[in-house]
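Here's a quick briefing to read alongside the model. Take a look at the structure first, then work through the points below.

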Amino acid sequence: MPVHLIERESHLAELNDLLHRTAQGGGRLALVSGAVASGKSELLNRFTEQAIDSGALVLEATGSRAERDLPFGILRKILDSAGLSPDDRTRALEFLDTDGPKNTGPAPVGVMSHVCSVLLQLAKERTLVVAVDDIQCADEYSLQFVLHLARRVRQAKILVVLTESTRMSREHQIFYAELLRQPRCSRIRLHMLSEAGTARLLSEQFRTATAARLVPYCQGATGGNPLLLRALLEDRRADGECDEVFQRLRPAEAFAQAVLGCLHRGEPDVLLIARGAAVLGDAHSTRLLGRLLDLAVPTVEQGVQDLLQCGVLHDGEFRESAARTAVLEAAPQESLSALHRRAALLLHGEGSTALEVARHLVAARGDADRWTVPVLREAAEYAVVEDDLEFALRCLELAHDACGEGPPRAAVKARFVGIVWRLSPAAAEGHLAQLATELTVGRLSARDLPTAVSYLSWSGRLDTAADAVTGLVRSETPTGTAEETAALGAARWLSVLSPPLRARIPSAGAPTAPGRGDGRSGTAGDAYAQTAGALATALGDGPADKAVEEAERVLQRYHLSDNTLQPLAFALMSLIYAGRLDLALSWCERLLSECAARRVPAWQGLLSGVRGEIDLRRGDLPGAANHARAAMSLMSVQSWGPGIALPLSTLIQAETGMGRHDEAMNLLEQPVPEGLLQTLPGLHYLRARGRCHLATGRFHAALGDFVACGELLAAWKMDNPELVPWRLDAAEAWLALGEKERARALAQEELRRGSGGKALRGTLLLMLARTGDLKHGLPILKEAVEVLEGGEDRLQLAVALGELGRRYRALGEFNRARMLVRKAWHVAKACGAEPLCRQLIPSHGEGGELAAPAQTGEEPDPPRETEALTEAEARVALLAAHGNTNREIASKLFVTVSTVEQHLTRIYRKLKVKRRRDLPARLSDSSLSGIA
């Protein structure tokens, strides 16, 4: 059965019944009513085909809105029907041509009577069917003729069938009233398909189960409109998807054309109202829609009702977004832009949200007025919260163009650069020149000034940033204002990030005065100033506890945003330089989780770079490499600018430590920005290059890099080994060159300075032991192991344990040496340091032997003292024997550090040992393999 005749069987039967009664000698009238595209025309066509098959004479015509002003246009179409003989047609048209109206005046009754006489004469010979589709589009004269005929068919075998849309125009009310009061007039109403009808339609294309699954969507998208349903199926065939298990109906070109067809077949104002509803997004407020379209409210209400009846709208909204898209795309761009501008103004006056108003302003694609600037800026912030960054940027672009020269325009540009920067700092490059200009002339607010300086610094424009800040600091800005605080905060930030700039920027090295960057106001200037203070304390002569306190104040006070990203990241670096890797790790993980679900690749990249540095200093080489690679994958090299030094140096050192020397050397071939070595991150890169040279046998090149680090630190008056332990590195290079005395002198000099944490002190003691003789170096080596066990650098602990094991082997204590080396191997393996593992146990065997010469037999059974340990103590003992720190043991066993310390005290007493490094001599993996 054709698509449009589903659920129309009863209506077709009713028309056929009327035809049968007419043939028996009594005229009938039938008015078929229904919404646009409800299937009226298809029903009429099917009926006329059956009427012709039954022997009736069918005269048919179709109304057209374009011919509404043509007098007797419908009547002429009736007379032009193929069923009328030439003589009858000629005779009827003679009356119209001779006595017909000339476009004005009332319809001549005589003409209509003569034509009716012709039709009545035909009905004497055979049943006559007069079928007119879309009678609502007929001209006034033709309507009067239809009424004239309707009054004369009672005793004739004439059936008049008319179709009309449910909407009744005011000028046609008299016609319909007169028609429906005729005694033999039947009204047939068509409705949209029910869910059962939609299921029948779908079952002709799909299996029953698939059809049942698709019914809810199809009914919701089309409202049962047969034309739209057929279009969905056409789009499905065009899509070519054949698998019914995952079958989806996707509205496409046919559906869009069907929607437009529904609108064009309705009254002229229906298309305009649909366009207005598409622009506004809903049609609930007919008053607002009328103001938008400059139409009367009753007209809008009627048009909305038409759209509801034909299934395009539902509850004031488009049923399917593809329908709304089709209406908007079909509208002329000029008129559409005008509607959007008018909608923005109306919604703003109605108190709508900034986001609603801004969507119309952006869609208008034209210049905006001054009143739109605050609206667009507010909308951009809401869009950022919703992670719709593209829309936020479009809002800010429009606001920037609407602003005149001055601080508001500068603020818009700064915000625009901030959003672009979070996506791709390289994309922000094209806007930094204008931002630098705004900064130089002092148009940026206190909120935006430090962030603008940080963007310029990130892009390598350190001199530009320094000149601008210098000019602002020396300007006549009133003391104590937010602008002065911001300028001083930016100045101090620059001087710490790039110490050579310190001499150019006045007051850069001065401490922050109370009320000026001390964090009371919580502005971006305060964040930069406080972070600079924390960095300066961590890298200067100040106590580490104070640096930690200042860094934590920044991390606790400021939430992650465009204005605080870099201060927060460098506050983490302050914790790293202060030796608090545990705190840095905790805060870094928290910040990364904050931006995990957001579109902020630049944020994630910078924080991942810091996370890699933390893992590197903890000795976790695979973790450091993974985080560094992730950081570099989130942003291009161009986007990183001088900041590339942070993840690149971490990755170089991690690859070097894992024995991947070719990869590390390839990374060194990567070009780096000019001026990199004028920044703190540049020192990380210089050291990483030296470590790679050292590992690959280029000892003199390594020594040159390490000494260069020392010279830069001395020139900057920032000689802190936690930033770059250049003396220790240089000592290692001298030792590789066979210059033990020079190596020892550098290590002793660093020890006398007394700076640095446990990891540095333990590594220095290790260097002293390596440069000393066998007997006198053993106590120093034991102290080094003890110090490193209390720190967090597990890689250096593995090195020290391995060196201590070799010393014991040289002294003939083979069992102790074997256990120490085995423990060192485990720690090195956990760190990912494969070269060190091969150096410790060349066979790569986890149980590799370091037996004494000529010694045979099995290793003695483990001492029975281990049996005295409780299960909890045994777990702690085994983890401690494998090189885990107290904090790591607590984390793995889910207890407090204090509990671990108490267990170790009892373990030492039961096993009769004094320190952690003696545990391997009393424990073995086999004795406690079922524990831990």
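D294 sits in the loop between helix 13 (286-293) and helix 14 (297-309); helices here are DSSP runs of H or I with at least four residues, strands are E runs of at least two, and both are numbered from the N terminus. Keep in mind that this is a predicted model, where local features need pLDDT of at least 70, side-chain atom pairs count only at pLDDT 80 or more, and totals for chains, interfaces and linings use all residues. Residues are numbered from 1 along each chain as its sequence is written, and side-chain values use heavy atoms, leaving out hydrogens and water.

**Positive phi in loops**
- Most residues other than glycine have a negative phi.
- D294 has a positive phi, near 60 degrees, and isn't a glycine.
- D294 is exposed, with a relative accessible area of 66% (exposed means over 50%, buried under 20%, partly exposed in between, using a 1.4 Å probe and protein chains only).
- D134 also shows a positive phi, near 55 degrees, and you'll find D134 in the loop between strand 3 (128-133) and helix 6 (140-150).

**Helix 33 meets helix 34**
- Helix 33 (residues 661-668) packs with helix 34 (residues 680-695) at about 140 degrees, their axes 10 Å apart (axes are lines fitted to C-alpha atoms, for helices over the stretch in contact, with angles from 0 to 180 degrees between N-to-C directions).
- On the helix 33 side, the contact (heavy atoms within 4.5 Å) is made by H661, A664, M665 and L668.
- Helix 34 brings Y685, R689, C692, H693 and A695 to that contact.
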